[in-house]
Amino acid sequence: MVLIAGLLLLVQASVFLAVNTANIQSARQQIDDALQITAGQFHKTIEDREQRLLSAARLMSRDYPFKQAYATGEHGTILSALENQSARVFANIMMLLTLDIDVIADTLRPELSTTPFEFPELIERAEEDQYGEAADIRFFNGKPYQVVVVPLFTPAPSAWIISGFLISDVFARDLQKHTHSHVSLLHVSERGESTVVASTLDKQLREMLPVELNKNQWDIDRSRLFSLGGQEYVYLVTTVWGNKTRGVVAVLQRSLDDALKPYRRLRNILMMVFLVGLGLSMAGGVFMARSVTKPVKLLAEGAKKIREGDYNHHVNITQRDEMGELAESFNSMVTGLAERDKVRNLLGKVVSPEVAEELLRKDIELGGEEREVTILFSDVRNFTSMCEGKKPTEILTLLNNYLTRVSAVIEEHGGVVDKYIGDAVMALFGAPLKHDNDPSRAVATALGMCDALSVMNVELVERGLAPLGVGIGINTAEVVAGNMGSNNRLNYTVVGDGVNLASRLEGLTKQYGATVITSGSTRDAAADYAYRELDRVQVKGKKEVVSIFEPMGLDAELPDKLANEVERYHQGLAAYRQRDWKLALSIFESLTNAVPETRLYTVYLERIHRLRTSRLPEDWTGVHTYETK
């Protein structure tokens with residue numbers, strides 16, 4: 001007995017140590033690979049921003065109105081033209097220099113004029129280039145900017161145009177969204193001092209980062225391990241501008257502790273399995289020593305029957321010892337399992353099977369947990385008026401037919417029907433079951449519900465009935481999910497501001513003639529779909545401005561004609577927000593003529609006619625406020 005237990009202990013301990021070592025190595029390798037990919041994505045983003053700046057600057061260098069402004073020689077006129085161009089391309093800095101490298105006008109420092117440019121070497125690089133262009137990172141007013149230089153042609157080169165984007169925390173956070181890694185940009189001075197200029201880290205870790213880096217030996221594009229704020233991180237340093245001893249570097253990092261969490265859970269499970277296995281082995285030896293093989297076999301046969309779903313099988317052991325008590329308990333357990341299975345079957349018809357499983361898996365009590373969930377609200381349009389003059393049985397049959405079809409679509413995509421509210425449906429993606437792509441599943445569900453309703457409408461029209469319309473709102477947010485209600489009656493659901501917003505978005509579908517509206521958080525999380533931005537709104541009960549979007553279909557499958565229409569629409573929306581009424585009116589009128597059935601274009605035409613004669617505040621940004629639900 002002792003020998004068997006010792007051998008089992010040795011084997012399982014060896015397996016445990018081997019698996020634990022392999023897990024740590026695997027986690028480190030995965031992080032290393034992810035950081036290399038992140039570094040490539042980082043440099044690709046820098047290059048894309050550079051090309052955007054160059055394209056905008058090249059267009060500006062050939063822009064006739066700008067040349068006219070330049071020809072005036074007036075500082076105020078040139079500065080105004082630069083500011084207009086900067087707003088159009090969303091540049092954070094724009095300058096015009098003479099060929100002698102003196103500042104003519106600077107949007108960042110409007111007071112500068114006839115002042116020598118502080119970075120003449122940047123112009124020298126442009127003069128050496130065959131196209132007269134250069135790009136680099138430079139610090140203005142102590143802040144880093146990614147800048148480009150192109151010549152102004154009138155028609156010969158007569159001045160230098162400088163345009164740039166600010167490298168800030170916003171830039172770092174945008175990279176973090178795509179790479180899921182912390183991104184920090186550090187300025188390394190000639191004295192070797194490092195200063196964080198942009199980062200996704202919190203204030204405390206941001207201050208600690210340069211200190212910890214200086215303590216460790218680091219090389220460009222080679223990952224290493226270090227401790228920051230009590231956590232272990234794997235980090236990789238890549239050059240943005242200059243070199244290791246002077247310039248701007250990017251520090252990309254991922255938490256090793258977070259990466260090891262699933263492996264540590266596996267380690268705990270292995271430990272538990274080890275202890276359980278050791279205990280069962282010892283117990284089995286004791287049972288065998290007491291010659292109770294027959295009762296054990298009877299119990300094993302009974303367990304097998306239970307596993308196969310035969311809850312009518314009972315173990316018949318007449319012994320009046322511990323084995324007899326075990327058999328009695330076993331038979332009681334079988335009775336309990338039979339009752340539980342019956343409850344499970346009945347409960348599964350009242351709520352979603354996933355919710356039923358969640359309720360049966362845990363102790364049923366009030367309370368919940370915070371988690372990210374995508375909420376979908378759908379509502380049948382004008383259902384009340386359609387019910388007039390119809391028998392209750394006809395209404396119920398029609399409603400059950402509709403709910404059966406849309407519920408099947410929800411479950412097909414891994415969603416859970418939370419509740420039916422008359423002809424409205426509330427569905428959850430991410431609670432109680434969570435998937436990696438719950439927001440994409442919700443958008444796919446909404447489009448699938450529209451397809452299912454189209455098929456149903458064909459059948460309704462063939463029967464001489466009016467077709468149904470639907471509005472769907474989707475939002476992804478942190479909510480509280482759990483059992484809510486009273487001590488005597490519970491309901492598994494989610495609550496929070498994100499749930500209310502999803503309901504408001506469903507109501508807004510009527511305003512824009514859209515079937516499906518998503519929030520910006522869902523749009524960002526379900527990036528495999530193409531979207532049309534509908535508006536920036538303040539819904540009733542919320543002070544926060546929300547951007548709302550209409551999913552058009554999978555981005556990779558979007559027809560060229562529809563993609564061109566969406567692009568043209570976004571041009572009109574941009575002109576509307578910039579108060580370029582003439583351009584916006586022209587675009588929306590052409591879209592209305594081309595696609596007259598799209599109500600969205602009519603909505604903006606009506607707004608433009610109303611707003612262009614109104615006195616708008618200086619800070620007007622195109623946000624539309626709704627006072628009703």
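Which residues does Thr-598 touch, not counting residues up to four places away in sequence? Select Thr-598 and you'll find Arg-532 and Glu-565, where a contact means heavy atoms within 4.5 Å.

Before moving on, a word on what you're looking at. This is a predicted model, in which local features need pLDDT of at least 70 and side-chain atom pairs count only at pLDDT 80 or more, while totals for chains, interfaces and linings use all residues. Residues are numbered from 1 along each chain as its sequence is written, and side-chain values use heavy atoms, with hydrogens and water left out.

**Stop 1: around Thr-598.** Thr-598 sits in the loop between helix H17 (581-594) and helix H18 (599-611). Helices (H or I, at least four residues) and strands (E, at least two) are DSSP runs, numbered from the N terminus. Thr-598 counts as buried because its relative accessibility is 15%; buried means under 20% relative accessible area, exposed over 50%, and partly exposed in between (1.4 Å probe, protein chains only).

**Stop 2: Leu-260.** Now pick Leu-260, in helix H7 (residues 256-289). Its relative accessibility is 6%, so Leu-260 is buried too.

Stop 3: Next, show the open sheet of 6 strands, ordered E3-E2-E1-E6-E5-E4 with antiparallel pairing. Two strands pair if DSSP finds at least two bridges between them. At the edges are strand E3 (115-116) and strand E4 (134-140), each pairing on one side only. Helix H4 (residues 120-128) packs on the sheet and touches E1, E4, strand E5 (143-153) and strand E6 (157-166). The direction of H4 makes about 175° with that of E4 (axes are lines fitted to C-alpha atoms, for helices over the stretch in contact, and angles run from 0 to 180 degrees between N-to-C directions).

Zoom in on E6, where 8 of its 10 residues are buried. E6 pairs with E1 over 6 bridges; look for Thr-98 opposite Ala-159. E5 joins E6 through 9 bridges, with Tyr-145 opposite Leu-166, and these two strands form a hairpin with 3 residues between them.

**Stop 4: helix H5.** Finish at H5 (residues 169-179) and select Phe-171, Ala-172, Leu-175 and Thr-179, which are buried. They lie on the same side of H5 because they cover an arc of only 100° around the axis, taken from the directions from the helix axis to the C-beta atoms. Just after H5, His-180 takes a positive phi of about 60°.
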